[in-house]
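Please examine the model shown below. The report that follows treats the pocket, then the salt bridges, then the chain overall.

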Amino acid sequence: MKKLLSIILAVAMVAVLLAGCGGSAASGNAKTVGVYLSPAELSYSNMRPQYNYYLTTFTQQEITLLDDNTYVAIVSASTFSALELAESTNDAKGNERTNSIVKYYGTYTSQVNDLDEDLLDVVLSAPTRVVESYDQTYWLDTDNWNDDMGKKVVPPTGVDQNTGAAIYDPDAQPWTAAQFLESLSFTGASIQVNQKTASFDYTPELSA
């Protein structure tokens with residue numbers, strides 16, 4: 001457990017640092033009223049026997065609430081293949097596959113929980129802006145969109161059966177920012193945050 005914990009804490013630290021690098025409040029004059037962090041979620045995919053590798057992904061979520069009833073929700077993920085944990089130390093090694101960070105901007109409503117005043121019941125609306133950086137290969141911002149960004153989010157046409165890599169049509173029409181927003185699986189969520197511990201439970205809808 002200590003071995004996994006050290007990895008999880010490292011991923012959590014990266015998420016916090018990246019959050020601090022990107023951004024400001026959803027509107028310039030808004031003040032932060034709360035920042036909440038989820039535990040890291042570990043997921044595992046065995047690609048065998050078709051492909052000779054397996055994937056381990058650590059995902060962390062953060063929500064910032066502002067006094068103008070806007071929010072910034074951040075989802076950061078790091079994926080490794082062939083992750084190995086040492087038996088006698090906290091060391092770990094693996095092949096880094098992908099890293100990503102996605103920021104959702106939107107509005108929210110909230111009220112103090114009727115049974116526990118430390119809890120805040122928050123309803124996040126569908127995001128109106130998304131900023132994403134993917135694996136040090138591209139970034140996009142739906143408020144500052146261009147055709148290059150639109151080409152990056154066009155869905156693949158298939159999968160290479162030999163390598164497992166996605167296949168893309170080079171002549172596909174770039175998506176618009178509106179198309180990209182409409183394609184998002186995250187369309188809002190109800191989340192309960194703990195104001196005392198500045199935390200909330202990992203929410204699958206937010207990382208969909």
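In this predicted model, the largest pocket has a volume of about 1,000 Å³. A pocket is defined on a 1 Å grid over the protein atoms alone, as an open set of points where a 1.4 Å probe fits, with protein on both sides within 12 Å along at least five of seven lines; lining residues have an atom within 4 Å of a point. The volume is the space filled by probe spheres set on the points. The lining of the largest pocket comprises 36 residues, and the closest to the centre are Thr98, Ser100, Glu132, Tyr134 and Tyr138. By class, 22 of the lining residues are nonpolar, 10 polar and 4 charged. Here Ala, Val, Leu, Ile, Met, Phe, Trp, Tyr, Cys and Pro count as nonpolar, Asp, Glu, Lys and Arg as charged, and the others, Gly among them, as polar. Strand E5 (92-112) gives the most to this lining, with 5 residues. E3 (54-66), E4 (70-85), E7 and helix H3 (177-183) each supply at least two.

Residues are numbered from 1 along each chain as its sequence is written. Because the model is predicted, local features need pLDDT of at least 70 and side-chain atom pairs count only at pLDDT 80 or more, whereas totals for chains, interfaces and linings use all residues; side-chain values use heavy atoms, with hydrogens and water left out.

The count of salt bridges (a side-chain nitrogen of Lys or Arg within 4 Å of a carboxyl oxygen of Asp or Glu) comes to 2.

| Salt bridge | N to O distance |
|---|---|
| Arg129 and Asp141 | 2.7 Å |
| Arg129 and Asp143 | 3.7 Å |

Arg129 in strand E7 (residues 129-134) and Asp141 in strand E8 (residues 138-141) are 12 residues apart. Asp143 lies in the loop between E8 and helix H2 (147-152), so its pairing with Arg129 ties together parts that are 14 residues apart in sequence. Shared partners join Arg129, Asp141 and Asp143 into one network. Asp141 counts as buried because its relative accessibility is 5%, while Arg129, at 23%, counts as partly exposed. Buried means under 20% relative accessible area, exposed over 50%, and partly exposed in between (1.4 Å probe, protein chains only).

Overall, the chain has 3 helices and 12 strands; these are DSSP runs, with helices (H or I) of at least four residues and strands (E) of at least two, numbered from the N terminus. Of its 208 residues, 36% count as buried.
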